[in-house]
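My notes follow in the order in which I checked them.

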Amino acid sequence: MAKEIKTIGVLTSGGDAPGMNAAIRAVVRTAIARGIKVKGIKKGYMGLLNEEIIDMEARNVSDIIQRGGTILGTARCLEFKTKEGQMKGAEICKKHGIDGIVVIGGDGSYRGAQALSRLGINTIGIPGTIDLDIACTEYTIGFDTAVNTAMQAIDRVKDTSSSHERCSIIEVMGRDAGYIALWCGIANGAEDILIPEKYDFNEQNIINNIIESRKKGKTHHLIINAEGIGHSTSMARRIEAATGIETRATILGYMQRGGNPTAKDRYYASIMGAYAVDIMLTGKTNRVVGYQHGEFVDFDIEEALQMKKSVNEYEYEVAQLMTV
Ligand code: ADP
Ligand code: F6P
């Protein structure tokens with residue numbers, strides 16, 4: 001028989017992402033509407049181990065849907081990767097009467113959720129990362145906001161780059177994944193897009209492209225470089241030396257992770273938060289929520305972690321076609 005859920009916890013873990021607050025709000029309000037108590041766990045698994053646990057009422061999540069970041073705070077916690085840390089976490093849940101936890105984060109955070117589930121605490125994960133690199137879902141909380149923020153910043157750099165007839169290398173976030181770079185590459189009309197999934201580290205190709213695009217009469221040359229490739233500043237120096245064209249690097253950095261979430265991030269995060277609570281109340285545990293083919297779905301965490309995802313070949317090809 002499924003365990004009766006009377007009180008749930010909610011935490012955010014790993015890198016923050018705009019829209020996490022909308023998800024927290026939805027978890028709190030759905031649970032309350034269903035007659036369940038909610039506790040907020042601050043600073044991810046670290047806050048759980050330090051017992052930074054607060055009661056959450058409907059009014060505690062007023063006026064947060066439009067705010068970036070996470071009101072609960074987030075952290076990376078090495079101790080939670082150990083068996084002892086996980087057992088301590090499960091004991092603390094039991095001490096506070098927490099029957100289940102909604103974990104908003106990425107793949108690493110789901111590993112922690114999986115450990116808690118094995119120790120008798122029901123867990124449901126929600127995908128929260130600006131990188132879009134969670135395989136079981138076409139949508140992750142924060143990507144839409146981050147890519148729009150980056151796109152707007154790049155538009156501005158492009159204006160000045162064109163005026164000065166410069167080449168610009170703009171580095172966007174994405175340590176292991178090139179989704180932000182690919183989307184900006186297409187949305188900003190970049191001449192080159194360097195992503196970890198595809199880049200062959202042949203800088204001579206980029207240099208040839210720049211020379212070719214000058215011959216075609218282009219006044220700028222925009223290169224979107226993913227953080228996973230990095231080295232934008234030294235790349236700019238080498239390109240300028242090889243082409244004789246002034247080249248500047250701009251690293252957008254953490255500004256991409258903050259700011260007010262877009263309507264899409266508020267909406268999807270709200271549905272995912274509610275969905276996570278509702279499936280937990282049906283007795284499910286060790287699941288992660290996803291969005292696929294127009295529907296909200298859920299998977300076993302192990303199954304989700306085994307899935308693979310990469311950039312779409314056709315979309316990448318279209319990005320190249322746009323540079324003629
Ligand atoms: P993300 O959730 O965005 O992938 P991390 O990989 O940094 O971010 O993971 C966030 C946190 O989840 C870690 O700091 C740690 O507390 C917990 N975590 C990560 N991997 C594991 C693991 N293998 N077992 C238990 N907890 C983990
Ligand atoms: O996962 C989101 C992300 O912003 C990555 O794109 C980036 O590499 C990483 O987080 C940076 O993390 P930190 O906050 O630890 O510097």
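**Ligand 1**

I began with Arg76, where a polar side-chain atom lies 3.0 Å from an oxygen atom of ligand 1. I kept in mind that this is a predicted model.

I then looked up the backbone around ligand 1. A backbone N or O atom of Gly106 is 2.9 Å from an oxygen atom of the ligand. For Asp107, I noted a backbone N or O atom at 3.4 Å from a ligand 1 oxygen.

Which residues come nearest to ligand 1? I listed Arg76, Cys77, Gly106, Gly108 and Ser109, out of 14 residues around the ligand.

**Ligand 2**

I next listed the surroundings of ligand 2, and Arg76 turned up here as well.

The side chain of Tyr254 has an N or O atom 2.4 Å from an oxygen atom of ligand 2. For Arg257, a polar side-chain atom lies 2.9 Å from a ligand 2 oxygen. Gly174 takes part through its backbone, with a polar atom 3.1 Å from an oxygen atom of the ligand.

**Helices H5 and H6**

I moved on to helix H5, residues 143-163, and helix H6, residues 179-187. I recorded a packing angle of about 45° and axes 9 Å apart. The two helices are therefore oblique to each other. I noted their crossing as right-handed.

Which residues make the contact? From H5 I listed Phe143, Ala146, Val147, Ala150, Met151 and Ile154. From H6 I listed Tyr179, Ile180, Trp183, Cys184 and Ala187. Sorted by class, this contact has 11 nonpolar residues, no polar ones and no charged ones.

**Helices H7 and H8**

My last pair was helix H7, residues 203-215, and helix H8, residues 232-243. They pack at an angle of about 55°, and I have their axes 10 Å apart. That makes H7 oblique to H8. The crossing of H7 and H8 is right-handed.

On the H7 side I found Glu203, Ile206, Ile207, Ile210 and Ile211. They meet Met235, Arg238, Ile239, Ala242 and Thr243 of H8. How many residues of each class are in this contact? I wrote down 7 nonpolar, 1 polar and 2 charged.

Terms used
Residues are numbered from 1 along each chain as its sequence is written. Chains are lettered from A and ligands numbered from 1 in the order in which they are written. This is a predicted model: local features need pLDDT of at least 70, side-chain atom pairs count only at pLDDT 80 or more; totals for chains, interfaces and linings use all residues. Side-chain values use heavy atoms; hydrogens and water are left out. Axes are lines fitted to C-alpha atoms, for helices over the stretch in contact, and angles run from 0 to 180 degrees between N-to-C directions. Helices (H or I, at least four residues) and strands (E, at least two) are DSSP runs, numbered from the N terminus. Angles under 35 degrees count as roughly parallel, over 145 as roughly antiparallel, 65 to 115 as roughly perpendicular and the rest as oblique. A crossing is left-handed if the near helix is turned anticlockwise from the far one by less than a right angle, and right-handed if clockwise. Contact means heavy atoms within 4.5 Å. Ala, Val, Leu, Ile, Met, Phe, Trp, Tyr, Cys and Pro count as nonpolar, Asp, Glu, Lys and Arg as charged, and the others, Gly among them, as polar. A residue is near a molecule or strand if one of its heavy atoms lies within 4 Å of it. A polar contact is a pair of N or O atoms within 3.5 Å; within protein, one must be able to donate a hydrogen and the other to accept it, and residues adjacent in sequence count only if both atoms are side-chain atoms.
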